[in-house]
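Please open the model in your viewer and keep the sequence panel beside it. The tour below moves from one selection to the next and says what is found at each stop.

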Amino acid sequence: MDKLKQIEAFVSVVEKGSLASAALEQDITPVMLGRRIDALEKRLGTKLMHRTTRHLTLTEQGTVFLDHCRKLLTELDIAEKIISEGRHKATGHLVVSAPAAFGRKHVAPHAPAFIATNPEVQISFNLTDRVVDLVREGYDISIRIGGAIDPNFVAVKLASNRRVVCGTPEYFHRNGIPKTLEDIANHNCLSFNLQGGQQRGWYFQQNGKPVIIKTAGNLDCNDGELLHRWVSEGLGLGWRSTWEIESQLASGELLTVLDEFALPHYDIMAVYPQQRHLPAKVRFFIDRLKSIYAQPDYWSKG
């Protein structure tokens with residue numbers, strides 16, 4: 001028999017003064033309620049109360065036990081209320097990881113407005129191009145762009161995105177336009193260095209299969225914003241996300257090439273560990289980003 005039900009039966013009978021009144025409140029029979037108290041006394045190995053048809057008297061042990069039971073039930077009610085409110089009201093400390101450049105432009109700037117409507121939330125950001133270990137490093141959520149997702153994590157699409165090869169019109173005028181993936185070898189490619197994660201090359205799709213093309217160039221670094229600037233200055237080709245260059249594509253400052261080989265899905269995602277009940281602070285933050293990114297012309301505005 002459930003220990004909690006036994007304790008609730010004991011407290012209810014004492015507070016109502018009789019088995020009949022307590023049973024009526026709990027919508028069970030007095031016999032069933034009496035059995036719960038009998039089972040509790042048997043489990044504890046002591047008599048908690050003396051019962052007659054007219055009177056109910058607590059024993060010394062029953063008086064002591066009653067005080068602890070009331071405290072226990074009160075603490076349980078408080079705990080349940082906190083958890084229940086946590087599913088519908090955003091509270092607590094939200095720890096977020098995001099790629100450095102993307103986080104600076106499209107995640108962290110939206111935090112003040114989120115906190116304004118969810119004042120009981122505190123947010124900490126770690127903006128890094130490194131793929132963090134959410135569980136080991138204590139993150140609630142990680143914003144990621146493309147890449148494989150661990151099956152123990154849940155990935156929610158926030159916005160569509162592609163990785164494309166791009167350059168300025170001036171660069172293509174000087175160096176020609178690559179028509180095939182093999183042509184990339186004849187161009188100055190500005191890439192993340194070893195620490196940045198693109199040391200293997202740029203990823204494409206050819207004949208329905210993923211391929212990796214080795215690149216070479218006279219400049220590399222581990223900072224996406226700097227690479228973007230170099231590409232915008234016409235110093236070479238870049239393999240950039242559309243979220244980053246959408247406004248420049250619209251204005252003609254940058255042009256894309258080899259689009260037919262671009263990976264079909266390199267989406268912006270919110271990733272979090274699988275859990276039975278997702279905290280409201282995580283759910284609300286994801287919903288807020290999705291609604292912002294879905295606004296017309298959000299990306300093309302830069």
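Begin by selecting helix H2 (residues 19-26) together with helix H3 (residues 30-44), whose axes come within 8 Å and cross at roughly 105°. Helices here are DSSP runs of H or I with at least four residues, and strands are runs of E with at least two, both numbered from the N terminus. An axis is a line fitted to C-alpha atoms, for helices over the stretch in contact, and the angle runs from 0 to 180 degrees between N-to-C directions. H2 and H3 are therefore roughly perpendicular to each other, given that angles under 35 degrees count as roughly parallel, over 145 as roughly antiparallel, 65 to 115 as roughly perpendicular and the rest as oblique. To see the contact itself, show the side chains of Leu 19, Ala 20, Ala 22, Ala 23 and Gln 26 on H2, and of Pro 30, Leu 33, Gly 34, Arg 36 and Ile 37 on H3; contact means heavy atoms within 4.5 Å. By class, this contact of H2 with H3 has 7 nonpolar, 2 polar and 1 charged residues, where Ala, Val, Leu, Ile, Met, Phe, Trp, Tyr, Cys and Pro count as nonpolar, Asp, Glu, Lys and Arg as charged, and the others, Gly among them, as polar.

Before going further, bear in mind that this is a predicted model, in which local features need pLDDT of at least 70 and side-chain atom pairs count only at pLDDT 80 or more, while totals for chains, interfaces and linings use all residues. Residues are numbered from 1 along each chain as its sequence is written, and side-chain values use heavy atoms, with hydrogens and water left out.

Now select Asp 27, which lies in the loop between H2 and H3. Its phi is near 60°, a positive value in a residue other than glycine. Most residues other than glycine have a negative phi. Asp 27 is exposed, with a relative accessible area of 70%; buried means under 20% relative accessible area, exposed over 50%, and partly exposed in between (1.4 Å probe, protein chains only).

Lys 3, Lys 5, Gln 6, Ala 9, Phe 10 and Val 13 of H1 meet Leu 33, Arg 36, Ile 37, Ala 39, Leu 40 and Arg 43 of H3. Sorted by class, the contact of H1 with H3 has 7 nonpolar, 1 polar and 4 charged residues.

The next pair to select is helix H9 (residues 224-232) and helix H10 (residues 242-251), with axes that come within 12 Å and cross at roughly 25°. That makes H9 roughly parallel to H10. Here Gly 224, His 228 and Ser 232 of H9 meet Glu 244, Ile 245 and Gln 248 of H10, and by class the contact has 1 nonpolar, 4 polar and 1 charged residues.

Not counting residues up to four places away in sequence, His 228 touches Lys 105, Arg 240, Glu 244, Ile 245 and Gln 248.

Stay with H10 and pick out Glu 246, which at 30% relative accessibility counts as partly exposed. Leaving aside neighbours within four places in sequence, Glu 246 is in contact with Trp 299 and Ser 300. Glu 246 and Trp 299 are 53 residues apart in sequence, yet 6.1 Å apart in space, C-alpha to C-alpha.

Move on to Leu 258, in the loop between strand S13 (255-257) and strand S14 (268-273). Leu 258 has a positive phi of about 60° although it is not a glycine, and it is buried, with a relative accessible area of 6%.

Finish with helix H11 (residues 280-293), where the end C-alpha atoms are 20 Å apart, in agreement with the 20 Å that its 14 residues should span at 1.5 Å a residue; the expected span is 1.5 Å times one less than the number of residues. To view its buried residues, select Ala 280, Lys 281, Val 282, Phe 285, Ile 286, Leu 289, Ile 292 and Tyr 293.
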